[in-house]
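Please read it alongside the sequence and coordinates.

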Amino acid sequence: MTSSPTDTRTPAQNFIHPVQAECPQGLLAAARERGRLNLLVVRASAPLPMEAAFHAYQAGIAQPVLVGEADRIEAEAATLGWDLSDITVIDSNGEAEAAAKAASLLQASLSEPDALPIGAVMKGQLHTDVFMAALLNREVGLRIGNRLVHIFAIYPPDSGAGPVLVSDAAVNVTPDEKTQNQSMIEMCALAKKLGHMRPKLAILSATETPIDSMPASMVAAERAKWAKTHLVDTDISGPLSFDLALSAHAVATKGITGDAVAGRANCLLVPEIVSGNILYKALVYLGGGCAAGIVLGGAVPILLTSRADPPAARLASIALAGIAG
């Protein structure tokens with residue numbers, strides 16, 4: 001079949017999934033069971049963060065605490081038809097002040113028994129470096145001795161199946177041994193909260209055999225050895241290629257036997273941020289998945305929302321934070 005003369009799509013664009021994913025109803029239901037999350041939205045005074053906070057409030061999964069220019073917050077709320085009478089709004093001016101006031105609220109939450117308990121922090125209309133610098137100040141108490149790692153829970157479209165978890169695709173560029181170990185700990189713990197009672201962890205490389213000419217495969221074998229010693233109630237395999245991690249057909253074709261993870265993985269540890277970022281975006285843009293993403297390892301989950309995230313992904317991320325917290 002050939003393209004018509006009026007077809008302006010490139011061959012690569014024909015791989016793009018035509019339907020935008022919806023937030024999984026099962027994920028929302030699980031978050032509602034946990035109760036409303038006190039969600040601190042840092043510089044909420046813009047359409048995208050306000051829309052996300054509003055949808056989470058409407059869905060019954062979050063009680064937003066909005067930090068930012070109060071007049072802009074009120075204007076955006078009016079556009080959404082949102083009555084803010086039971087919502088806490090903290091007035092601030094500019095990125096730095098919003099980040100500082102949010103950090104003070106989080107610090108109080110973590111250190112003062114009578115303070116408003118903050119369940120998660122979401123980035124609004126401000127630069128990530130300003131946002132993270134304020135939160136990571138030692139006096140705030142967000143850091144609790146662990147490495148901070150990012151995890152995506154990616155739900156397939158039109159399926160009641162649970163998610164595939166991917167770490168780390170957004171924060172740690174070249175994760176060292178301790179960071180990858182923390183990623184596996186957090187990812188498998190989250191998988192259990194999402195219904196995978198015995199997670200199946202695949203440590204990805206381009207081959208299922210450790211070979212000296214491919215250093216990542218050797219690292220994957222080391223990480224698998226560590227995981228088998230330290231992670232309980234988890235099946236672990238590595239290195240595994242992506243096809244062998246997810247495709248039962250590939251496993252049968254290659255004659256892989258005796259591997260409890262091959263073809264059935266639901267947790268994927270990637271070697272570094274480039275491969276992870278490409279993988280998660282491929283599952284979203286080509287596979288039509290809904291990707292909920294949070295940063296774990298601190299006292300509360302952090303949401304690093306992107307301007308490119310669709311509303312369903314923002315809502316799913318808030319739900320995921322509520323379940324993880």
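Cys267 has a relative accessibility of 0% and therefore counts as buried. The model is predicted, and the count of disulfides in it comes to 0. The closest cysteine sulfur to that of Cys267 belongs to Cys188 at 4.5 Å, which is too far for a bond.

**Cysteines**

- A disulfide requires two cysteine sulfur atoms within 2.5 Å.
- Cys290 is likewise in no disulfide, and its nearest cysteine sulfur, that of Cys23, lies 5.5 Å away.
- Cys290 is buried, with a relative accessible area of 3%.

**Aromatic pairs**

- How many aromatic pairs does a search of the whole structure find? The search finds 3.
- Phe54 and Trp82 form a tilted pair, with 5.2 Å from centre to centre and 35° between the planes.
- This pair links distant parts of the chain: Phe54 belongs to helix α2 (residues 47-58), while Trp82 is in the loop between α3 (70-80) and β3 (88-91), 28 residues apart.
- Both Phe54 and Trp82 are buried.
- The ring centres of Phe152 and Tyr280 are 3.9 Å apart and their planes meet at 20°, so this pair is stacked.
- Phe152, in strand β5 (residues 149-155), and Tyr280, in helix α10 (residues 273-285), are 128 residues apart, so the pair again links distant parts of the chain.
- Phe152 and Tyr280 are both buried.
- Ring pairs join Phe54, Tyr57 and Trp82 into a cluster.
- Tyr57 also has a charged neighbour: the charged end of Arg36 sits over its ring, 4.8 Å from the centre.

**Nonpolar cores**

- In soluble globular proteins, nonpolar side chains tend to be buried together.
- The largest nonpolar core contains 60 residues, and Ile61, Leu66, Trp82, Leu201 and Ile318 have the most contacts inside it.
- Helix α11 (residues 311-324) supplies the largest share of this core, with 9 residues.
- Leaving aside residues up to four places away in sequence, the contacts of Leu201 include Met184, Met187, Cys188, Ala227, Leu231, Val261, Cys267 and Leu269.
- The contacts of Leu201 also include Thr234, Asp235 and Ser237.
- A second, separate core has 22 residues, including Val42, Leu126, Met132 and Leu148.

**Helix α3**

- Which residues of α3 are buried? They are Ala70, Ile73 and Ala77.
- These three cover an arc of only 60° around the axis, so they lie on the same side of α3.
- An α-helix has 3.6 residues a turn, so residues three or four places apart point the same way.
- The buried residues of α3 pack against α2, β2 (62-68) and β3.
- Asp71, Ala78 and Thr79 are exposed and sit on the face of α3 turned away from its buried side.
- Gly81 follows α3 and has a positive phi, near 75°.

**Leu142**

- Leu142 lies in the loop between α5 (128-135) and β5.
- Leu142 and Val300 are 158 residues apart in sequence, with 7.0 Å between their C-alpha atoms.
- Not counting residues up to four places away in sequence, Leu142 touches Leu106, Leu110, Leu135, Leu136, Gly298, Ala299, Val300 and Ile302.

Methods. Residues are numbered from 1 along each chain as its sequence is written. This is a predicted model: local features need pLDDT of at least 70, side-chain atom pairs count only at pLDDT 80 or more; totals for chains, interfaces and linings use all residues. Side-chain values use heavy atoms; hydrogens and water are left out. Rings of Phe, Tyr and Trp (its six-membered ring) pair if their centres lie within 6.5 Å; planes under 30 degrees apart count as stacked, over 60 as edge-to-face and the rest as tilted. Helices (H or I, at least four residues) and strands (E, at least two) are DSSP runs, numbered from the N terminus. Buried means under 20% relative accessible area, exposed over 50%, partly exposed in between (1.4 Å probe, protein chains only). A charge sits over a ring if NZ of Lys or CZ of Arg is within 6 Å of the ring centre and within 35 degrees of the ring normal. A nonpolar core is a set of buried Ala, Val, Leu, Ile, Met, Phe, Trp, Tyr and Cys residues joined through side-chain atoms within 4.5 Å. Contact means heavy atoms within 4.5 Å. The arc is that of the directions from the helix axis to the C-beta atoms.
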